[in-house]
Amino acid sequence: MSNELTPMMKQYMQTKEEYKDCILFYRLGDFYEMFFDDALTASKELEITLTGKNCGLEERAPMCGIPYHAVDSYLNRLVSKGYKVAICEQVEDPKTAKGIVKREVIRVVTPGTNLDTQGLDETKNNYIMCIVYMADRYGLSVADVTTGEYLVTELDSQTKLMDELYKFMPSEIVCNEAFYMSGLDLDDLKNRLHMAIYSLEAWYFDDALCRETLQEHFKVASLEGIGLSDYECGMIASGALLKYLEETQKNSLSHMSRLTRYATGNYMVLDSATRRNLELVETLREKQKRGSLLWVLDKTKTAMGARTLRKYVEQPLIDKKSIVKRLDAVAELKDNAICREEIREYLNPVYDLERLVGKITYQSANPRDLIAFQSSLSMLPSVKCILKDMESDLLKEIYEELDPLEELCDLVGRAIQEEPPLAMKEGGIIKDGYNEEVDRLRKAKSEGKNWLADLETKEREKTGIKNLRIRYNKVFGYYLEVTNSFKDLVPDYYTRKQTLANAERYIIPELKELEDTILGAEDKLCALEYELYCEVRNIIAAELTRIQRTAKAVAKLDVIASLALVAERNNYVRPKINEKGVIDIRDGRHPVVEKMIPNDMFIANDTYLDDKKQRISIITGPNMAGKSTYMRQAALIVLMAQLGSFVPASSANIGLVDRIFTRVGASDDLASGQSTFMVEMNEVANILRNATSKSLLILDEIGRGTSTFDGLSIAWAVVEYISNSKLLGAKTLFATHYHELTELEGKISNVNNYCIAVKEKGDDIVFLRKIVKGGADKSYGIQVAKLAGVPDPVINRAKEIVEELVTADITGKVKDIAVQGSETKKKTQKKLDEVDLTQFSLFDTVKDDDVLNELKELDISHMTPMDAMNKLYQLQNKLRNRW
């Protein structure tokens, strides 16, 4: 087939062979063209016209194309859908090329390596993650190629890995084959979390290659120089990631100047359910920022600040000293409003320095990027001046780290036009007065006609030839034309070029010099301006480390100023931090809900938990009364305190927690075949296995997805388990509809009852939203149904039924359980002859042998852990029903 192809298509096919997994953008003139399968895919995904091209074969090759100047928008659309795109450029001038123009792939763009700032959310990082699974350990490395951030860690469980995935939410994951086979639900990551996942060839993970790649990049003799000597799995992950980035970006990646090793134990651990339920960075339903904790706290002025604040929210601290350091800085700026507002005003025009310096080192920054860089730097001396007198340790640190980079600001100010074009090679970039040659060429371009006119006048006067003219043609360039009548006056230094019937044409050295200057000026000027522009860009790139350090300092300052402003505006208080396990919140408010309720109508509530008598609070009360809001607000206040923010309360003393777990509400996960109850039990199992005595648990309506007695029994057992300090002993807020659980107060020393106060007016109720000591004696479910607009006949019938059920006095029986304890176990064991034998006919078809046969036929190697758990659950139910 390849012999029949045209020379251009042969070149295309050779390049495509090297980049099989990519859509190839193949540069032809002013267009990027795609052929064959790539064209079919791209025309469908980008909704562009599919045509054909003669390629030497019988059938025309399917083809589609996009203009080169509009490439970014099309590229973003393909990459956001998970495709890789290889950009193949012409790497020699078509005018000077012999035969086919040479073309090379200059970069591969993938979801995790997209550099186009228009296609990325500036308030969050675009992470690429490399995961290496080996011998029950996970090496994990994360990078953001737009900012140069580069991290590495090691994990020992799939649960911890999932926590990191939810924390970073990478747009792309590259991994080894073993990770693909590790049993993790990769389809869920692809479809629900929109992560593109590619397994790399085995050579990427070669120990020696990874070691060599890292040592070369960081210019160190051994891995000790970057702190990876005892981090084998992490070393392979970070080395493989760096190699993959080098292969795709075809660039030195010098802005990834530091590899940071981190431990998950340095931060509060938040699993995916907790992040979702507490709505930290987006709302549960609409997935919008508005209505999340980040929305309340984010008053940052820069993109760098917005990304840093998001990180603070996603990974709160657990070290008291670090938290207090942040709180000191927030307090200082809160109390010093004039300085704070000045800082925020100066930060307002500051562009995204992290991503700008990334583009500069990538050599993809255009002249306007440099002007954005310069205008950002021009703000820094004023900011540094304000910070000079600050007293808190963190603000002093920021003062030291913030380098105004005045010489770079001055360089760009002197060199680059204030409103330059976007193009780098078409001139109009360099300022007058920066370079003598540029000034001369620019003058030649604009004043050439005047120079020629002056020379013409001068020669007329000198020679006395009144009709002497300077003319131009493409063959001779510029020349002096003298008619035959004045031929005798031509001086010796004129050199004859051409004789015409009635005139002679001459040149002189001065005219030749002018010609060279004028005709070459435009081309020379564009080339020289580009050269000088690159020189300026390279000088900036050489100061990469200083710029990155300054960018981080600006980002931290922006976050501190934002938290201080929010604290002042929203009437927050500084929390005290203790390590004694006491959480004492007075007049706590939900930071988001209070912003949604007009006119300060939010009802504040106290929360008190400790490791002794007040370990578990059981909260009862009707739906809609505010139990979930109350519990979430307690968790959010703890989390805010540990990220270094002031909190919505009149006072708060927060005992450090290592993890926050929430089990709030549930919905059927139909996609994976799980019922509400199964989802709920999975989450409860995760909490009970992973929580520690230093964790904070928020449990809402445990056990409601099954029958009343089963649900009550599970909820009861969960409370007993948590309350036992030998088993768990975590601080817990436990909301329930099972009023029977209030019997545990007094039976278990550290369980206390609280309820949401309700005011009754006849058949109507008013929610007072106030937490009070004691348990609710009824659910008010019928009154809530009435409030929701359920028709009166249904309400009236429900009242009749509830009265009949109350006479059965379930609560009394439950009290017996609490009192009699183990004796009750004997009473509740039914004898076989007491079972309703008519039920047996329903299950005659289920035999033990059936279950065994089903077990034998299961193909476990092709089941996900979740499928296996669901199958086991079904088989267990079959056996239970049989007996």
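**A hairpin to begin with**

Reply: Happy to. β7 and β8 form a hairpin with two residues between them, and in the turn Ala135 has a positive phi of about 50 degrees. One thing to keep in mind is that this is a predicted model.

Me: Good to know. How many bridges join strand β7 to β8, and which way do they run?

Reply: Strand β7 (residues 128-134) is joined to β8 by seven bridges, and the two run antiparallel. As a landmark, Val132 stands opposite Gly139 in β8.

Me: And what does β8 pair with over on the β9 side, parallel or antiparallel?

Reply: β8 and strand β9 (residues 149-155) pair in the antiparallel sense, over seven bridges. There, Asp144 has Glu149 in β9 as its bridge partner. These two strands also make a hairpin, with four residues between them, and Gly148 takes a positive phi near 90 degrees in it.

Me: Why is β8 described as largely enclosed?

Reply: Strand β8 covers residues 137-144, and seven of its eight residues are buried, so the rest of the structure largely encloses it. Here, buried means under 20% relative accessible area.

Me: Let's zoom out. How many helices and strands does the chain have?

Reply: The chain has 31 helices and 27 strands. Its radius of gyration is 37 Å, well over the 29 Å that the globule rule gives for 883 residues, so the chain is more spread out than a compact globule.

Me: What box would the chain fill?

Reply: Taken along the principal axes, the C-alpha atoms fill a box of roughly 140 × 75 × 65 Å.

Me: How much of the chain counts as buried?

Reply: Of its 883 residues, 50% count as buried. As for contacts in the chain with a separation of 6 or more, 68% come from residues 24 or more positions apart.

Me: New topic: holes inside. How many cavities of 30 Å³ or more are there?

Reply: The count comes to two cavities of 30 Å³ or more. The largest cavity holds about 40 Å³ of space. Its lining is made up of Leu278, Glu279, Gly291, Leu293, His590, Val592, Arg632 and Leu636. By class, that lining has four nonpolar, two polar and two charged residues.

Me: What about the second largest cavity, which residues line it?

Reply: Leu115, Thr117, Thr146, Arg355, Gly358 and Lys359 line the second largest cavity. About 40 Å³ of space lies in there. That lining divides into one nonpolar, three polar and two charged residues.

Me: Okay, over to single residues. Where is Asp38 found, and is it buried or exposed?

Reply: Asp38 is found in helix α2 (residues 36-46). With a relative accessibility of 8%, Asp38 counts as buried.

Me: What does Asp38 touch?

Reply: Leaving out residues up to four places away in sequence, Asp38 touches Tyr12, Lys16, Cys22, Ile23 and Leu24.

Me: Tell me about Lys16, then. Which helix is it in?

Reply: Lys16 is found in helix α1 (residues 7-18). Lys16 is buried too, with a relative accessible area of 15%. Beyond its neighbours within four places in sequence, Lys16 is in contact with Cys22, Ile23, Leu24 and Asp38.

Me: Last one: how far apart in space are Lys16 and Ser485?

Reply: C-alpha to C-alpha, Lys16 and Ser485 are 70 Å apart in space, and they are 469 residues apart in sequence.

Technical notes. Residues are numbered from 1 along each chain as its sequence is written. This is a predicted model: local features need pLDDT of at least 70, side-chain atom pairs count only at pLDDT 80 or more; totals for chains, interfaces and linings use all residues. Side-chain values use heavy atoms; hydrogens and water are left out. On a 1 Å grid over the protein atoms alone, a cavity is a set of points where a 1.4 Å probe fits but cannot get out, and a pocket is an open set with protein on both sides within 12 Å along at least five of seven lines; lining residues have an atom within 4 Å of a point. Grid points are joined across faces, edges and corners, and a volume is the space filled by probe spheres set on the points. Ala, Val, Leu, Ile, Met, Phe, Trp, Tyr, Cys and Pro count as nonpolar, Asp, Glu, Lys and Arg as charged, and the others, Gly among them, as polar. Buried means under 20% relative accessible area, exposed over 50%, partly exposed in between (1.4 Å probe, protein chains only). Two strands pair if DSSP finds at least two bridges between them. The radius of gyration is taken over C-alpha atoms; the globule rule is 2.2 Å times the number of residues to the power 0.38. Contact means heavy atoms within 4.5 Å.
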